[in-house]
Amino acid sequence: MAGPMALGIVAAACFATTFVLNRWMSVAGGSWLWSASLRYLFMVVPMAALVALRGGLPGVLRSLRARPAVWLVWSTVGFGLFYAPLTWAGEAGAGWLVASTWQLVIVAGIVIGALGGGRIPPRTLGVSALIVVGVALAQLQHARGTGLGTVLQVVLPVAVAAVAYPLGNRRLLGLDGLDGVQRTLAMTLGSLPLWLALAGTAAVTQGPPTGGQLVQCLAVALMSGVVATTLFFRATDRVRHHPAALGAVEATQAAEVPFTLLGEALVVGVAAPTAAGWAGLALIVLGLCAHALGRTPGGTAARRDDVAPARAPAAPEVSGRPRR
């Protein structure tokens, strides 16, 4: 589990730039419509170049031609219903509040895995609950000073995003043998109709984006969209046959909270954590370590072949049920 967990934690550090920069753009008056759409519009060229350099572009194009409806629907869910609500929530609350609420994705991933027929050991549930408790403690000092209206404007859209992201990702895992890098490009292309619609709406209602917003959206696209998403998808690819390990890798996103706190302290400015906050961060780290050193559902330590890239099946399913 060490390799996939490490990839997940590095991805979380890069994902944290989303919460910090989106909040920064919101404070500066930038429209969330531009912040959401520009990230994915800016991702197309670098992702296509990366996939082409790896020789994977023909496979992506074949899959898109063979299953256009599948890619359109689940890419819109996995990327569109994930990032648009997340960006909108950034206008209502600070990055730390959005990042901490986003940890609902841990619970959502476990529930989706269980509904798909996967066996989730009690230990995985317990450790994930520990991370969620740590997140709550880490943000307790901030939540006390936040009004109920702001909380709801953040919690509701982020809850939608937390369900949409693992759902779209899992429905497309292993489809046509595409790896994580190829899947990132395919999902970016599949979700383009939504981003073009949002960009058109922003142009009509808000006018063009500012130069500063363009630069910040480009940074988010590269750090979070290209680097973080690719690393996270590679991590989930390596453990996709093991529901407990998949849940553990998804739980590494909890590391976004301390990374976001640090980023906001440097860029936007937030109060230092209290004793309860530091205790919460300690629980998050403890939970991540427990997942990384954990055991597979069979009760034995994870073997090398448990986390190695799996051979693509001849006739992949798109049902979302984890393969054993």
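How many residues does helix α2 have, and how far does α2 reach from its first C-alpha to its last? Here are some notes on that and a few other spots, keeping in mind that this is a predicted model.

1. **Helix α2, length and bend.** Helix α2 covers residues 32–53, which makes 22 residues, and its span from first to last C-alpha is 33 Å. That is close to the 32 Å expected at 1.5 Å a residue. Along the way α2 bends by about 35° at Val-44, and a proline, Pro-46, follows within four residues.

2. **The two ends of α2.** At the start of the helix, Ser-31 places a side-chain oxygen within 3.1 Å of the backbone nitrogen of Leu-33. After the helix comes Gly-55, which has a positive phi, near 75°.

3. **What α2 buries.** The buried residues of α2 include Leu-33, Trp-34, Ser-35 and Ala-36, along with Arg-39, Tyr-40, Met-43, Val-44, Met-47 and Val-51. Cover for the buried residues of α2 comes from helices including α1, α3 (57–66) and α4 (68–89), and also from α10, α11 (192–205) and α12 (211–238). As a reminder for reading such a list, an α-helix has 3.6 residues a turn, so residues three or four places apart point the same way.

4. **Asn-22 in α1.** Have a look at Asn-22, which sits in helix α1 (residues 2–27). Is Asn-22 buried or exposed? Asn-22 counts as buried because its relative accessibility is 7%, below the 20% cut-off. Its side chain makes a polar contact with the side chain of Tyr-83, at 3.1 Å. Leaving aside residues up to four places away in sequence, Asn-22 touches Thr-17, Ser-35, Tyr-83 and Thr-87. Ser-35 is also one of the buried residues of α2.

5. **Leu-173 in a loop.** Leu-173 lies in the loop between α9 (148–172) and α10 (180–190). With a relative accessible area of 14%, Leu-173 is buried. Beyond residues up to four places away in sequence, Leu-173 touches Arg-183, Thr-236, Asp-237, Arg-240 and Leu-246. Of these, Arg-183 is 10 residues from Leu-173 in sequence, with 8.1 Å between the two C-alpha atoms.

6. **The chain as a whole.** Stepping back, the chain has 15 helices and 0 strands. Of its 324 residues, 52% count as buried. Among contacts between residues at least 6 apart in sequence, 91% join residues at least 24 apart. The accessible surface comes to about 13,200 Å², and carbon and sulfur atoms account for 70% of that surface.

Notes
Residues are numbered from 1 along each chain as its sequence is written. This is a predicted model: local features need pLDDT of at least 70, side-chain atom pairs count only at pLDDT 80 or more; totals for chains, interfaces and linings use all residues. Side-chain values use heavy atoms; hydrogens and water are left out. Buried means under 20% relative accessible area, exposed over 50%, partly exposed in between (1.4 Å probe, protein chains only). Contact means heavy atoms within 4.5 Å. Accessible areas come from the Shrake-Rupley method with a 1.4 Å probe; for residues, only the protein chains shown count as cover. A polar contact is a pair of N or O atoms within 3.5 Å; within protein, one must be able to donate a hydrogen and the other to accept it, and residues adjacent in sequence count only if both atoms are side-chain atoms. The expected span of a helix is 1.5 Å times one less than its number of residues. The bend at a residue is the angle between axes fitted to the seven residues ending there and the seven starting there.
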